Amino acid sequence: MSTTTVSPADSGAATSRLSPAVRTRLTVAGACYAVLLLFGAALAVVRVLVPEWSWAADLGVAAAVAAPVALALIYDRLSALKTPWFEIALTAVTVEVEGGFSRALEEQSLSTSASGNPALKKAVETLLAPTAPKLVRINLRNTPYWWSTRVFLLAALTEDYTAVKRLVFVEGGAAQQYVGIATPSAVRAVFAARFPDYEPAYSSAKKRGAGAGEYEVGMVVAAWQSTLWEATMGEKTPSCPSDLEEHEEALKQFVTSAELLDWLTGRLDTSYVNWDGWLEDPRLRARILSQHAAYVALVQDGRLDRVVSRDALALAVGRSAVGVPSNEQTGH
C-alpha cells in the first residue's frame, strides 16, 4: 500500500486557496477554542488551589482570567466600538448604489411617449428625491449586452438632471463582479468623442423635452431614437418605431468590461479594498482612508459588496475624535 505525504508547502497552498471570509472564520473559531481552553485551565487550577470555594466563585475567577484574552482577540471584530468619547459606524458612510435607472435604459424598445416607461419614471423620481442615491450601478451582464448608445444616454442624463456623482460598473449579472467607477461626465465625454453623433442627437432630444417639468427626462428618452436617426441620416424620422430601434442597434457597439477598460483608460477607477465581511474592523477603516478615490469599493471575492464615501468616513473620524455626538454625523 502506498502513502501520500503532504508537504508543509502543499498544506500552505491549500490553505491559501480558501477565501478570505473562510480563513477569517477559521481564525475566529480557533481563537474561541483557545479562550475556552484558557477558561477551563483557569477553572481547574482554582479548584485545586482553593477547593473550599464555591463553584460560583471558581467560575467568576476563571471568567476574569479568560475575559481579557477574549476581548483582545475580538477587539478588531466588534460590530461597533462605542465609548463616551469615540464611536464610528462604517454603515453610516456606506453609499447606496441605485440600479433602477440603468435597468430602465437597457437595450429594449424605448417608449415613444414621456409617460410610457413606468420604470424610468420611478427611477427618475428616486434620483430627484432630497435623499437621492449618489451612485448608479450599471450591470454589464455575462455576455455582450449594453449598447454604447444607452451608456452614453445614461451618463448624459445623470450629469444633466441628477446629483449622481459616480457610475459604478459591474459584470456577471447576479455575481456583481466589480469592474470600476467613473464620473458621469467622464463617461459622457469619452463616448461623445468616440461616437460623434451621440452628443448632437442628445442635444436635440433635450430641446424637445425642455420645459416639460417632471416629464422632461421621459421626453428626452422618448425622443432619443428619433434624434439619433436625424443626426446620422440627415432626414425626417420614419413613422415606424421598429425602424428607429433597428437604426439605433445598427449604430451601437456592445460595451463589455474589456471595451470599458480600454475606452476609459485613465478615467475609470478600478481600485478597491478587499475585505472579509467584518464591516467595523478598524484596519478596514484605515485601508479606506488611505485610498485616493472619493468613493471606495469594498470587494469580497471579486464581488462588489458596497461602496463607502471616504470623505464621509474621514469626517466621521474627525468628529468622533473631538467628541461630536454620533447623531450629528452625516454621510455624503
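Analyst: Begin with burial: a residue counts as buried under 20% relative accessible area, as exposed over 50%, and as partly exposed in between. Arg188 has a relative accessible area of 13%, so Arg188 is buried. This is a predicted model, with an average pLDDT of 80 for the protein.

User: Which residue meets Arg188 in a salt bridge?

Analyst: Side chains of opposite charge can pair when their charged atoms come close. Here the partner of Arg188 is Glu159, at 3.0 Å from N to O. Glu159 is partly exposed, at 36% relative accessibility.

User: Which helices hold Glu159 and Arg188?

Analyst: Glu159 lies in helix 6 (residues 148–161) and Arg188 in helix 7 (residues 184–194), so the pair ties together parts 29 residues apart in sequence.

User: What is the distance between the closest N and O atoms of Asp160 and Lys206?

Analyst: They are 3.4 Å apart, in a salt bridge. This pair links helix 6, which holds Asp160, to helix 8 (residues 198–209), which holds Lys206. Through shared partners, salt bridges join Glu159, Asp160, Arg188, Glu199 and Lys206 into one network.

User: How is the packing of two helices described?

Analyst: By the angle between their axes and the distance between the axes. Helix 9 (residues 216–233) and helix 10 (residues 241–251) pack at about 60°, with axes 9 Å apart. Their contact has 6 nonpolar, 4 polar and 3 charged residues. Among them are Trp224 and Leu228 in helix 9, and Leu244 and His247 in helix 10.

User: Over which residues does pLDDT stay under 50?

Analyst: Residues 1–15 are one such stretch, with 2 contacts beyond four places in sequence. Residues 75–87 are another, with 24 such contacts.

Key:
Residues are numbered from 1 along each chain as its sequence is written. This is a predicted model: local features need pLDDT of at least 70, side-chain atom pairs count only at pLDDT 80 or more; totals for chains, interfaces and linings use all residues. Side-chain values use heavy atoms; hydrogens and water are left out. Axes are lines fitted to C-alpha atoms, for helices over the stretch in contact, and angles run from 0 to 180 degrees between N-to-C directions. Helices (H or I, at least four residues) and strands (E, at least two) are DSSP runs, numbered from the N terminus. Contact means heavy atoms within 4.5 Å. Ala, Val, Leu, Ile, Met, Phe, Trp, Tyr, Cys and Pro count as nonpolar, Asp, Glu, Lys and Arg as charged, and the others, Gly among them, as polar. pLDDT is the predictor's confidence in each residue, from 0 to 100. A salt bridge is a side-chain nitrogen of Lys or Arg within 4 Å of a carboxyl oxygen of Asp or Glu. Buried means under 20% relative accessible area, exposed over 50%, partly exposed in between (1.4 Å probe, protein chains only).
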